[in-house]
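I opened my notebook to get to know a new structure. Here is what I looked up, entry by entry.

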Amino acid sequence: MGTDHKPEWSDPNKPDCCSSVVRKGQDIEGQTVSTEKNLRFQKRNSSEPSVDDLYSGVLEGNRTLLARAITLIESNAEQHFHKAQQLLQRLQPHSSKSIRIGITGVPGAGKSTFIEAFGMYLCSIGHKVAVLAIDPSSSVSGGSILGDKTRMEKLSKTANAFIRPSPTAGKLGGVHRKTREAMLICEAAGFDIILVETVGVGQSEVMIREMVDFFMLLVLTGAGDELQGMKKGIMELADAILIHKADGENKQKAEQTRIEYNRILHFLQPATKGWRTRAYTCSSVTHEGIAEIWEMIDSFEKTGKTSGVFEERRKSQAREWLYSMITDQLQFHFYHHNGVRNLLPKLENEVLTGGKTVASAVEQLFQTFLK
Ligand SMILES: Nc1nc2c(ncn2[C@@H]2O[C@H](COP(=O)(O)OP(=O)(O)OP(=O)(O)O)[C@@H](O)[C@H]2O)c(=O)[nH]1
Ligand SMILES: [Mg+2]
């Protein structure tokens, strides 16, 4: 109590005269949290930009406010969720003129190096490029973007490019929702090409396919075995397969691999109606093939827009997003319902000991939830 501050009128003989006192900062691992630090924290909080500031900042392409807007939608705090939704509601009408491109591949396939080369090329021909990353392991590892930032050094310093690390999962919709909303914000800020990178480890490809217009898979050469083992399902999600690192001694092999992939692709279901998925070679070191990749994507967009397939996919993605968000919210509210929380452990126990059927436990939980 010696370090607590009491009002000067307090009676020194009555140590408990005050119901509240101003207490010195807590020590954390030997460090005192100073009042100065607390003040800075309060100041930072109070200077949180308003929805109006963020709205006009994003539309003007102000990078600081763009980053703050994405931070807001990524927040797991409930009060931020509502503020973020207000912002998105206002930005939505400004955010459809873009192409969303998903890029996946095993670790080391060269995705980040490719995005650096491809992104620099796109900026050089007048586009504005936003790069978003989805890291399926980010909630555990904290994300691999630190390594990526160094791989995308030139791009990260380019005025017409914007790179954003992976959001971590959380309640209220998780990575899925956050990436989609970050795309909308980047589009409203005038980015006309959105590149979404994810490590191909199996679980993230389907998720990324559901939020992009064009999806490509980066693979390596000499992949006879890999090709055998590659899941048909993943190849059927792709609009293009890039045999990457087609340079030096690898160039010849890459060409052979391309032919082999094309032979297999011929028998597979195409990912997009009216578009034939093919294999291409390219190198992010020599930049050979990079411009051709863009030409191919450009022709994909034109073909799809003429036939209506492009718009159709966007609509079905919006529908899927709606339903997946309903499911997320239902789950969230169900498991956070006080009655359900109290009852669930008891019912789980009864089910496990054979005293209750699963169906009657679920029925009881829903009766509690809906009451
Ligand atoms: N020869 C050659 N090497 C390349 C090329 N692209 C990338 N590399 C090398 O491949 C290695 C992996 O590249 P990254 O871009 O980090 O690969 P990644 O797929 O992003 O890897 P993760 O982020 O770990 O999934 C690096 O050492 C790059 O220098 C290329 O076109 N040619
Ligand atoms: Mg990478």
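Which strand is Leu195 found in? I found Leu195 in strand E6, residues 193–199. Helices (H or I, at least four residues) and strands (E, at least two) are DSSP runs, numbered from the N terminus.

A note on the source before I go on. This is a predicted model, where local features need pLDDT of at least 70 and side-chain atom pairs count only at pLDDT 80 or more, while totals for chains, interfaces and linings use all residues. Residues are numbered from 1 along each chain as its sequence is written, and chains are lettered from A and ligands numbered from 1 in the order in which they are written.

**Entry: Leu195**

Is Leu195 buried or exposed? I noted Leu195 as buried, because 25 other C-beta atoms lie within 10 Å. (Buried takes 20 or more such atoms within 10 Å, exposed 12 or fewer, and partly exposed is in between; C-beta atoms are placed from the backbone.) Setting aside neighbours within four places in sequence, I listed Ile101, Ile103, Ile115, Gly119, Val129 and Val131 as contacts of Leu195. Two residues are in contact if their C-beta atoms, placed from the backbone, lie within 7 Å. I also checked Phe118: it is 77 residues from Leu195 in sequence, with 9.8 Å between their C-alpha atoms.

**Entry: ligand 1**

I looked up which residues surround ligand 1 and got 18, the closest being Gly110, Lys111, Ser112, Thr113 and Lys245. To be near, a residue needs its C-beta atom, placed from the backbone, within 6 Å of the molecule. Helix H5 (111–124) and helix H7 (145–151) are the elements giving two or more residues to this shell. The largest share, 3 residues, comes from H5. I sorted the shell by class into 4 nonpolar, 9 polar and 5 charged residues. Here Ala, Val, Leu, Ile, Met, Phe, Trp, Tyr, Cys and Pro count as nonpolar, Asp, Glu, Lys and Arg as charged, and the others, Gly among them, as polar.

**Entry: H2 and H3**

At what angle do H2 and H3 pack? Helix H2 (residues 51–59) and helix H3 (residues 63–74) pack at about 125°, and their axes are 8 Å apart. I read their contact as made by Asp53, Leu54, Gly57 and Val58 of H2 with Leu65, Leu66, Arg68, Ala69 and Leu72 of H3. That contact has 6 nonpolar, 1 polar and 2 charged residues. (Axes are lines fitted to C-alpha atoms, for helices over the stretch in contact, and angles run from 0 to 180 degrees between N-to-C directions.)

**Entry: the chain**

I ended with the protein chain, which has 17 helices and 9 strands. Buried residues make up 31% of its 371 residues.
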